Amino acid sequence: MVLAAVVCGVLALSTVAAGPTVWQALQNQLGVFAPLAVPAEGSLTEQDVEVRLVGSLSDGYEAKVYFTATDLTGGRFGELTRVSAELKGELVGNGSALGCEVLSYDEEANQILVEASLVGVDASAPLTLEVSGFDSASRTMQVQLPRPEKLQKVSTTVNGTTVLLPGENPQEIAEGVFLSAMGFDADGLFHIRLDFGEGYGLGRYLFIVPQNQLYPDQNLYQENSICTELEHGVDLAYPRLTQVSWEQISGFYVDGGYSGPGAVVQGTWELPVTLEQVEQQTVVVDQTVDKFHVEQVEVSQMGIVVTYQRLYVQSGWLTNVKLFDRNGNQVPLMTDMCVTKDMQKDIVYTRFILEEPVELEDLDYLMVAGVRIPLHG
């Protein structure tokens, strides 16, 4: 059983214009795989948030479940809302990959469309979608700061710790986050001070990495750094960054999480999911190929799964697989994951995914480590 929660990112988020139905919006997101999706039913409301299943896509090893979350109160969701959700199910072997992604946001409907996925799942076993929260307050920043021309030296103490005073002209480096001051205090200790705007604050982590122009890939100055939280900001001090080493500094990389205006809604929304598999077929091989004994090949409209036994301790994984259609054209495949299915017998499988769906009758054969395996009798 998979238990780790997954937070849906918002990198692919787009705002949906009013008009299209949710199903149409999902079809637009799926692109060439849209014809393979099937509708799903089920809903649950808690904390004035309705979670409703929209559709699913599965080939027996990968399950993608699509759902909407609608804020019935209004005002708590937005383009930056993150969703904590996961699929829980039985696995085929001991490997899996969880995924979660916010696909779109409909401002008029106060609704977000989300994909939750699980690779390595046994789709014949019960599957549950579990949603545990919606966070519109969390923010992230990845910013490259140049080396400043002037350094500030004016400092004060907070609870016995020396920190820089805020500068007169703070520079906004991310929404609600300002580079306020940077410089050496009277004791020669280097500081960087960030201040937050109204409604913003420090998150769970923050890294500001001084970069050495001679060794740009090394973190030479992070050891024993001091982080002092302020009422509306944070001061970071670097004992290893001295006046001498300052001449080698080329800039600073900021990587952090912080909070901003927005609601956080927590709860438990659990919905059973019934999957409908895309078209697939199983070809029994039972043949030794190179350093492997191939048991079977499963072909679907979404990908290929080769199950085999490794004959030697150092056989590795079987990834030399090519797919051809009836016209002799090679169909692009990408290795997705290699998973141990039976540790005692060392039976494993490798899953390959397709760039676009195929019709099984259009396929002809596989080349597995140079051996031709027909897909039709």
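Trainee: In this predicted model, in which sense do strands S27 and S28 pair, and over how many bridges?

Mentor: Strand S27 covers residues 333–342, and S28 covers residues 347–354.

Trainee: Which residue takes a positive phi in the hairpin of S27 and S28?

Mentor: The hairpin has four residues between its strands. Among them, a positive phi near 55 degrees is taken by Asp346.

Trainee: Which residue of S28 does Gly303 stand opposite?

Mentor: Strand S24, residues 303–310, runs antiparallel to S28 and is joined to it by seven bridges. Within S28, the residue opposite Gly303 is Ile353.

Trainee: Which residues of S28 point the other way from Ile347, Tyr349, Arg351 and Ile353?

Mentor: In a regular strand, side chains alternate between the two faces of the sheet. S28 is mostly covered, with eight of its eight residues buried. Ile347, Tyr349, Arg351 and Ile353 point one way, and the residues pointing the other way are Val348, Thr350, Phe352 and Leu354.

Trainee: Is Asn212 buried or exposed?

Mentor: Asn212 is found in strand S17, residues 201–212. Its relative accessibility is 1%, and the cut-off for burial is under 20%. Asn212 therefore counts as buried.

Technical notes: Residues are numbered from 1 along each chain as its sequence is written. This is a predicted model: local features need pLDDT of at least 70, side-chain atom pairs count only at pLDDT 80 or more; totals for chains, interfaces and linings use all residues. Side-chain values use heavy atoms; hydrogens and water are left out. Buried means under 20% relative accessible area, exposed over 50%, partly exposed in between (1.4 Å probe, protein chains only). Helices (H or I, at least four residues) and strands (E, at least two) are DSSP runs, numbered from the N terminus. Two strands pair if DSSP finds at least two bridges between them.
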